[in-house]
Amino acid sequence: MRNLYETIQNGKVGFFESPTGTGKSLSIIGGACKWQKDFISKLQENIIEDKMNEYLEKEIINPKDPKWMIEKSRERYKKKLLQELDEQNMKAMKKKLLLDNIRKSSKLTKKFKLEETGQVEIPESCLIDDYQSDEDLQTKTNYFEDDDDENENPLIQTPQIIYASRTHSQLSQFVHEIKKTVYSDLKCISLGSRKNLCINQDVLQLTSVTRINDKCLDMQSTKEKSCRYLPSDKDVQREMMFNYANQANAIISDIEELAILGKETKICPYYGTRKAAVEADIICVPYNLLLQKSAREISGIRLKNSIVIIDEAHNVIDAINSIHSAIVEEQQIHLALEQLERYYDRYKTKFNGKTSLYIKQILNILKQLIIFSNDFKLNESKMLEVYAFVEAIKIDHLNLFKIVRFIVDVKLCNKLQGFTQQKSYQKLEEVSLDKDKYISKHTSSLRCIEAFLMYSVGLKIKYLMLNPSQSFQDIVEESRSVVFAGGTMEPISEFVTELVPYLDCQKLHFFSCGHVIPKEQLVTISLSHGPGGVEFDFRHGNRDNPKMINEAGNTIANLCNIIPGGIVVFFSSYSVLETIAKAWKNMNIWTRIEKKKQIFVESTTSTEDTLQKYSNIIAEPLNGKTGAILLAVVGGKLSEGINFSDDLGRCVIMMGLPYANITSPELRERMQYLDNKEARRGSEYYENLCMKAVNQCIGRAIRHRNDYASIILIDGRFRTSRIRNKLPKWIVNCGIQEPSSFGPVIGELVKVFVQI
């Protein structure tokens, strides 16, 4: 907690590795919330003096003015500040009393009549404004922008804690941890998608997120079918949202509890939580709402002076790359071209010269994209840099920066979509009937082209984002401090080189704590040879070696004789697992293993069912067996987020090193890009991908202070210094044994499973 507090206080970017079971969540809550309260307390004490100093620096004082006049001016300003501070404190006190009363009653007493009004926009309103200049328009996104409270600029503003994690279940765990602390009186709000927060059954019955979003927007724009939880009357809606926000901020709730609150109060929790987030002390969000600028703006997330905490941070680089990559399909190009041509024909006589010019340029781009796509053979893959791509589709004479700005500034996608709904709604309905390729009625096909051009222009990519630091830089610069946290963060160097390479090392803080267990409760063994003396080397060209597969099987069978409970074996891919499992069955090794452990194999579909059966057998072994063995895949559902505590994972075995497919065009392009920036950086990235996957798998072994387990690394390459240095520090600090033969392995495991 002290390290986290100091990182925030000094405005640094921190990297914190804390294994599961060591109190990571409580440490994050304690350190961040303590700093937040201390900051507000100090700000209250010093705000008048600080503001007076700012006033003196900005105020132009005439040296000829008498001293009494200058003092009088200062006194007037100080009096004004004190009055503003008193008003703000009084308002905060009233809000606190209100929330305290809500906590006691926990139910709204005021009911609202939901008035349904709505009007379909006529085609003429789809006309974009004349575009006079490339510099005269600015886009603005402000949720509830007509609310007076949000436009205030208070003297004292609480720096929000923005906590982000990968899944809503992880966010819910964090929220419930806050409830256990002395900071349970803070205002904490979780934000999510309509799929998580919508309470209208007519909408929820739809299958996909896109359909759910469409239905919600449909109901807001249609008088006959408006949503009963979101009235169209703005005054009623504002009062409802105000009441929901107070209810939500009064009691700390997770995403499911916020949805239940919406049902109880009959107020839309999707929009209600966004209103509540404005005054919240802590905002919990999934990755996509934090990492994407447009999502932050729509959700009302303000980064300025905030503390950003990214948990489960080993996923964050992949998340950024995925969120900021754009893919456009041929069907979307054809539809966008058809819609824009009809739109231009309808309004071309009303456009000025510059507007017509830009629309014609966009039409030209769409036509060239179609020609380009027609030249590709089925399943052909080709990677092009942006300069080569724009030359290939013959648009290198166009200024894509200005075209993208035009699309954004005049809101062409929105205007085109409004026009399309009026003029070609039937055609869109026909397209939407294709279940596999659903196209949103509320997302213009041109939006895909806009995103494609925007990312291509700004990030030197085709579809793939190569430099995540560019999109992450806004978060670092606007916030006060950014904290990366996780159970297994190694190799940490990748976070620096990929996300904050521009920061001085003095702005970075690194902290890694050991596990709470004694060293004797974890045995980690690196195996280079099996019981028959055959060397383990699972490189791509050697992984089908029958002698090595047989040796690996004999190793597993011998371990099953000693290790009680559950054993989890991770393979590098489904194909490798299938090959080895088939060989073991033919070699009679499968039968040997089954005498001690019931075997379960991870599939691409029924993961939950497999895990449940595995757990049941471990709890109640059958036919004299000592437990079960689970054959899983690195990167599969069982390799991350699953808790193999106690008997579920007395041993975790890593079979080989799971290097990614080096022939992948995207991977090769990324490695080449990194190599061009710095020698061998691409190879380092390739190795880091592998080790992050390994660390997530073996990190499943120990889950709490009373747990004990073993980790077996089967591959001679685990003994190289490069690989060993990238293993989690808490595992390395407990000791990694490298026996010269298989015999000593048995003795070491006996110490753990017999003597403990």
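Residues are counted as buried when their relative accessible area is under 20%, as exposed when it is over 50%, and as partly exposed in between, with a 1.4 Å probe and protein chains only. At 12% relative accessibility, Gly 30 therefore falls in the buried class. The structure is a predicted model, in which local features require pLDDT of at least 70 and side-chain atom pairs count only at pLDDT 80 or more, whereas totals for chains, interfaces and linings use all residues. Residues are numbered from 1 along each chain as its sequence is written, and side-chain values use heavy atoms, with hydrogens and water left out.

The chain contains 31 helices and 14 strands, where helices (H or I, at least four residues) and strands (E, at least two) are DSSP runs numbered from the N terminus. Of the 756 residues in the chain, 50% are buried. With contact taken as heavy atoms within 4.5 Å, 82% of the contacts between residues at least 6 apart in sequence join residues at least 24 apart.

Gly 30 is located in helix H2 (residues 24–58), and its C-alpha atom is separated by 8.7 Å from that of Tyr 5, a residue 25 places away along the chain. When neighbours within four places in sequence are set aside, Gly 30 is in contact with Met 1 and Tyr 183. Ile 309 belongs to strand E5 and, with a relative accessible area of 0%, is buried. The C-alpha atoms of Ile 309 and Cys 284, which are 25 residues apart in sequence, lie 9.5 Å apart in space. Beyond its neighbours within four places in sequence, Ile 309 is in contact with Ile 28, Ala 32, Ile 161, Ile 162, Tyr 163, Ala 164 and Val 483.

Helix packing was examined for two pairs, using axes that are lines fitted to C-alpha atoms over the stretch in contact and angles that run from 0 to 180 degrees between N-to-C directions. Angles under 35 degrees count as roughly parallel, over 145 as roughly antiparallel, 65 to 115 as roughly perpendicular and the rest as oblique. Helix H8 (residues 234–250) packs with helix H10 (residues 269–276) at an angle of about 70°, their axes being 8 Å apart, and H8 and H10 are therefore roughly perpendicular to each other. On the H8 side the contact involves Met 241, Tyr 244, Ala 245, Ala 248 and Asn 249, which meet Pro 269, Tyr 271, Gly 272, Thr 273, Lys 275 and Ala 276 in H10. Residue classes were assigned with Ala, Val, Leu, Ile, Met, Phe, Trp, Tyr, Cys and Pro as nonpolar, Asp, Glu, Lys and Arg as charged, and the others, Gly among them, as polar; the contact of H8 with H10 accordingly comprises 7 nonpolar, 3 polar and 1 charged.

In the second pair, the axes of helix H27 (residues 665–677) and helix H28 (residues 681–698) come within 6 Å and cross at roughly 135°, so that H27 is oblique to H28. Leu 667, Arg 670, Met 671, Leu 674, Asp 675 and Lys 677 of H27 make this contact with Arg 681, Gly 682, Ser 683, Tyr 685, Tyr 686 and Leu 689 of H28. The contact of H27 with H28 has 6 nonpolar, 2 polar and 4 charged residues.

Rings of Phe, Tyr and Trp (its six-membered ring) were paired if their centres lie within 6.5 Å, with planes under 30 degrees apart counted as stacked, over 60 as edge-to-face and the rest as tilted. A search of the whole structure finds 20 aromatic pairs. One of them, formed by Phe 536 and Phe 538, is stacked, with 6.3 Å from centre to centre and 15° between the planes, and both Phe 536 and Phe 538 are buried. Phe 15, Phe 472, Phe 484, Phe 495 and Phe 510 form one aromatic cluster. A charge is taken to sit over a ring if NZ of Lys or CZ of Arg is within 6 Å of the ring centre and within 35 degrees of the ring normal. The charged end of Lys 585 sits over the ring of Trp 590 at 4.8 Å from its centre, and Arg 650 lies over the face of Tyr 708, 3.8 Å from the ring centre.

Backbone geometry was also considered. Most residues other than glycine have a negative phi, and most peptide bonds are trans. The peptide bond from Glu 490 to Pro 491 is cis, with omega near -5°, and Pro 491 occurs in the loop between strand E6 (481–486) and helix H22 (493–499). Glu 312 has a positive phi, near 50°, and lies in the loop between strand E5 (307–310) and helix H13 (316–323); with a relative accessible area of 19%, Glu 312 is buried. Phi of Lys 411 is likewise positive, near 55°. Lys 411 is found in the loop between helix H17 (400–409) and helix H18 (412–423) and is partly exposed, with a relative accessible area of 44%.
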